[in-house]
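Okay, thanks for coming, everyone.

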Amino acid sequence: MTNISADPSGLDPGGAEGLGLAGSLGPGGSLAPVGAVAVAAPTLRAQTRWSLLLRRPTFLVGAGILLFWVVCALFGHAFAPDNPLAQQLLSANTAPSASHWFGTDGLGRDVLSRIIVGARDILVITPLATVLGTILGTALGLAMGYLGGAFDLIVGRIVEAVLALPAVIIAFLFIVALGPSTTTLIIVIGLIFTPLIARTVRAAVLTERNLDYLSAARLLGEKPVRIMFREILPNVMPAILVEFTVRLGYAVFAVATLSFLGFGVQPPTPDWGSDIAANYSGLLAGYWWQTLYPALAIASLVTAVNLITDSIEQVLNA
């Protein structure tokens, strides 16, 4: 018979220590808060990363610029100097002045007002399109990386074939078929990003597929879908987060490019890309402000997203 009293904890060596609970029993045999500390560890790591992120000047600058454009998108009509749709032909092509800080365009519309209000569509389309592409790409990448075999081979070849085509051509085909609209832009850009994100997620999953925790999950009889989304997904989330922020910057360029080419937001709705296209010929006549300021708006938004992306990537890799 085993002498239980010889062990002060009342447990044999294969008990608490074998289960990793050594030192977790308090007076009277009650469970001390070691388990709570273990559960709280991921939260503490997230808080530490967030505090490190807030200490980075590049993140603060990028977040400040992005916040400014978000405010413009939400409340632009409230503080825009003029009606962005109002045409004042007598004031057409007016240079920047006290009455029109950014000047007017060829139809006499206030350029500053159109830039402020024009932030709305681009800050609605780009996040939604990026979220759509991230969700679809993550699901596809998880399946490709974990299932492998014939599924990975067939889908991988389809992804490579899609990536071999110019993204603009694919966008044109969808937009011509569905018609230009905000919903179409969200779907088209999301579908374009899907294979790119799927390839990144697949590479991250391949590094996790043969680790011990997945072998244990298989031995416990967990289904593949549960393993992919419950076990693997949290461990590849940093790569997905970085990929999301990177694609967000590309989405800004994609929306502006499609609008510039006439396949995006349609006039007379204020839009940075379409405003550049409408006033591009004015550069030869010396009306530089009509094109410069919308272009600077696009550049500032993309720069802000890139600053945030670099900061997040550095903190996650620290």
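This is a predicted model: local features need pLDDT of at least 70, side-chain atom pairs count only at pLDDT 80 or more; totals for chains, interfaces and linings use all residues.

Helices themselves are DSSP runs of H or I, at least four residues long, numbered from the N terminus.

Residues are numbered from 1 along each chain as its sequence is written, and side-chain values use heavy atoms, with hydrogens and water left out.

Helix 7 (residues 212-219) and helix 8 (residues 224-260) have axes that come within 11 Å and cross at roughly 170°. That makes helix 7 roughly antiparallel to helix 8, a label used for angles over 145 degrees. Who touches whom? With contact meaning heavy atoms within 4.5 Å, Tyr213, Leu214, Ala217 and Arg218 in helix 7 meet Ile227, Glu231, Ile232 and Asn235 in helix 8. By class, that contact has 5 nonpolar, 1 polar and 2 charged residues. On classes, Ala, Val, Leu, Ile, Met, Phe, Trp, Tyr, Cys and Pro count as nonpolar, Asp, Glu, Lys and Arg as charged, and the others, Gly among them, as polar.

On the helix 5 side we've got Ala167, Ile170, Ala171, Phe174, Ile175 and Leu178, meeting Thr184, Leu185, Val188, Leu191 and Ile192 in helix 6. That contact splits into 10 nonpolar, 1 polar and no charged residues.

Now the pocket. We're on a 1 Å grid over the protein atoms alone, where a pocket is an open set of points with protein on both sides within 12 Å along at least five of seven lines, and lining residues have an atom within 4 Å of a point. Volume is the space filled by probe spheres set on the points, which are joined across faces, edges and corners. The largest pocket holds about 350 Å³. Its lining runs to 20 residues, with Ala167, Val168, Ile192, Phe193 and Ala254 nearest the centre. Which helix gives the largest share of that lining? Helix 6, with 7 residues. The lining's make-up is 18 nonpolar, 1 polar and 1 charged.

Conventions
Axes are lines fitted to C-alpha atoms, for helices over the stretch in contact, and angles run from 0 to 180 degrees between N-to-C directions. Helices (H or I, at least four residues) and strands (E, at least two) are DSSP runs, numbered from the N terminus. Angles under 35 degrees count as roughly parallel, over 145 as roughly antiparallel, 65 to 115 as roughly perpendicular and the rest as oblique. On a 1 Å grid over the protein atoms alone, a cavity is a set of points where a 1.4 Å probe fits but cannot get out, and a pocket is an open set with protein on both sides within 12 Å along at least five of seven lines; lining residues have an atom within 4 Å of a point.
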